[in-house]
Amino acid sequence: MKFKIYKYLLLGFCAVFSACENLEEKPVGLLAPESIFSSAKDVETALFGAYGMIATESLYGRQFVSALMLRGDMVDIGDRGTPAERQQVNDFNMDANNGMVTKFWPIWYQVVSASNAAIAGAESLNLSDQEINPLIAEARFIRAFSYFHLVQVFGDIPYIDYFISNPEAVKEISKTPEAEVYNGILADLEFAKQWLPDRQPANVKSRATKGTAASYLASVHLTKKDYANAYKEAKWVIDNRATFGYALEPDFQTLFRAPQPTDLAEHIFDIDFLGLQNGSGGQNDDIVPPMTGVRGGDAPQSGWSVLVPSMKVFESWDARDYRKTVSFMDSVLIGGVLSPYTVFPNTKRPHIAKYARFAGNSNTEGRYSDQNYSAFRYAEVLLIAAEASAELNGETPEAIGYINQIRARARNWAGKQTAFPADAKAGNSKQAFIDLVLEERRIELAFEYKRWYDIKRRNLGEVLFKGANSLEPHANFDPARDYKMPLPRVELQVNPNLGPQNSGY
């Protein structure tokens, strides 16, 4: 099911804090959800609006996901002529005026605002729990999804879990401690797990289900180092995979060949873009393929050479691994001739292929793609179960089995069975096995916006950016500063209650 992108009136629009700067000059009247929501269909429309904002240029279409990729050690800047805001994120020399942050911060809060509006509107209808709670659960999932990203990037943040009926109140909003934000995320996800359906209509994966909520519960618990609950939730998803329709896709390439089926078995939650369509405010504008594509290459695999892995990322990856072939573009047509990366016109390194190689119905640079970007897939549930289990009990046959399911799929080279990667064997110490799982995450989920979160939650920055085996050295990495991004300075100027600024900015 492809969602039409609704330009929905966000009742709590002043959650985008800087939008309320001129309230005294241009007052806005009190808002009431019951004046706009008259049916469950209206609530669903608000939900579609929230989903639509996630599929915008500011979030999954470029800005936010690019920032996550650049922050990790798997993606570097290719063309150094790209705007300075991207180089600052990559090079750990951001300031509070960083242009990427100022673009994605307010849009995340618009998504939160739409979710809060949907919840308030649903509650105003006075319908039975069975009629309305599944839609409230979907809104609460979207809110939790948004805050899970925001809290990991910024730490303490404004946590708004209510409908803003009086925009004047926005001027009093302050930050909420990180621990309380996580409590709100967990409460939303628990409610979502209780009330969401096992499957959405037509089994589309761009709307949340019980399995989606449980998978994110596992991820949140893993992030908080609550390994018992992370394992419990991941295991629950694994045990109920048939109910939810989850499985590893036999061919790894299928995950990155647009247009993907809307009910792809491995997808637990995806962000659905519509080929060659876009709306106002960057809606449905997917620019990830050109950001990762080869500048100077022939259409449709041309691009801008901005997000490009370092040579060490490519060279350290075993060439026998089919996932390397799927993940990298090491040659491309230039003037009709298949040319190796050593003669790429701009950045002479292998580029990311996961999004640019098969962008589907798109323009000549892969923009406005047909991608259904996986925000969470079943392989990650297996990896969470393996890591959490190992933290609790060390290496076990069960945990090894989860890793080997993923490796078995990787041995299917487009229908031809190969011998690499071999199954993981028993005999590792607890730490060695956890390191093995983290390395499997790095390879399996490469360029899928997960690596930075893994580095942060495992406190690996100094080793990975300053160590002898660094894939992308950054001698200036400072753990006291760089595990968080700065709050936008303009937001602090408009509302000093949001202070203090994150350390180091």
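## A buried phenylalanine and its surroundings

Phe-447 is buried, because its relative accessible area is 3% and the cut-off for buried is under 20% (exposed is over 50%, partly exposed lies in between, with a 1.4 Å probe and protein chains only). The model is a predicted one, in which local features need pLDDT of at least 70 and side-chain atom pairs count only at pLDDT 80 or more, while totals for chains, interfaces and linings use all residues. Residues are numbered from 1 along each chain as its sequence is written, and side-chain values use heavy atoms, with hydrogens and water left out.

Let's look at the backbone around Phe-447. This residue is not a glycine, yet its phi is positive, at about 65°. Phe-447 sits in the loop between H15 and H16; helices (H or I, at least four residues) and strands (E, at least two) are DSSP runs numbered from the N terminus. Asn-459 is another non-glycine residue with a positive phi, of about 55°, and is found in the loop between H16 and H17. Asn-459 counts as exposed because its relative accessibility is 54%.

| Peptide bond | Omega |
|---|---|
| Ala-299 to Pro-300 | near 5° |
| Phe-420 to Pro-421 | about 0° |

Pro-300 lies in the loop between helix H10 (288-292) and strand E3 (307-308). For Pro-421, the place is the loop between strand E10 (416-417) and helix H15 (430-444).

The loop that holds Asn-459 also holds Arg-458, between helix H16 (451-457) and helix H17 (461-466). Arg-458 has a relative accessible area of 19%, so this residue is buried. Leaving out residues up to four places away in sequence, Arg-458 touches Tyr-227, Glu-387, Glu-391, Ile-434 and Leu-438, where contact means heavy atoms within 4.5 Å.

Beyond its neighbours within four places in sequence, His-351 is in contact with residues including Thr-292, Val-294, Val-308, Phe-328 and Phe-344. The side chain of His-351 makes a polar contact with the side chain of Ser-305 at 2.9 Å; such a contact is a pair of N or O atoms within 3.5 Å, one able to donate a hydrogen and the other to accept it within protein, and residues adjacent in sequence count only if both atoms are side-chain atoms. A polar atom of the His-351 side chain also lies 2.7 Å from the backbone oxygen of Arg-349. The C-alpha atoms of His-351 and Val-75 are separated by 9.5 Å, though the two residues are 276 apart along the chain.

Strand E8 comes next. Six of its six residues are buried. E8 pairs with strand E2 (residues 267-272) in the antiparallel sense over five bridges, where pairing requires that DSSP finds at least two bridges. Phe-376 in E8 is the bridge partner of Phe-269.

E8 (372-377) also supplies at least two residues of the lining of the largest cavity, as do helix H5 (129-154), helix H7 (210-223) and H16. Of the 20 lining residues, Phe-148, Ser-219, Glu-380, Lys-450 and Tyr-453 lie nearest the centre of this cavity.

How values were computed: 1 Å grid on protein atoms, 1.4 Å probe; cavity = no way out; pocket = protein on both sides within 12 Å on 5 of 7 lines; lining within 4 Å.
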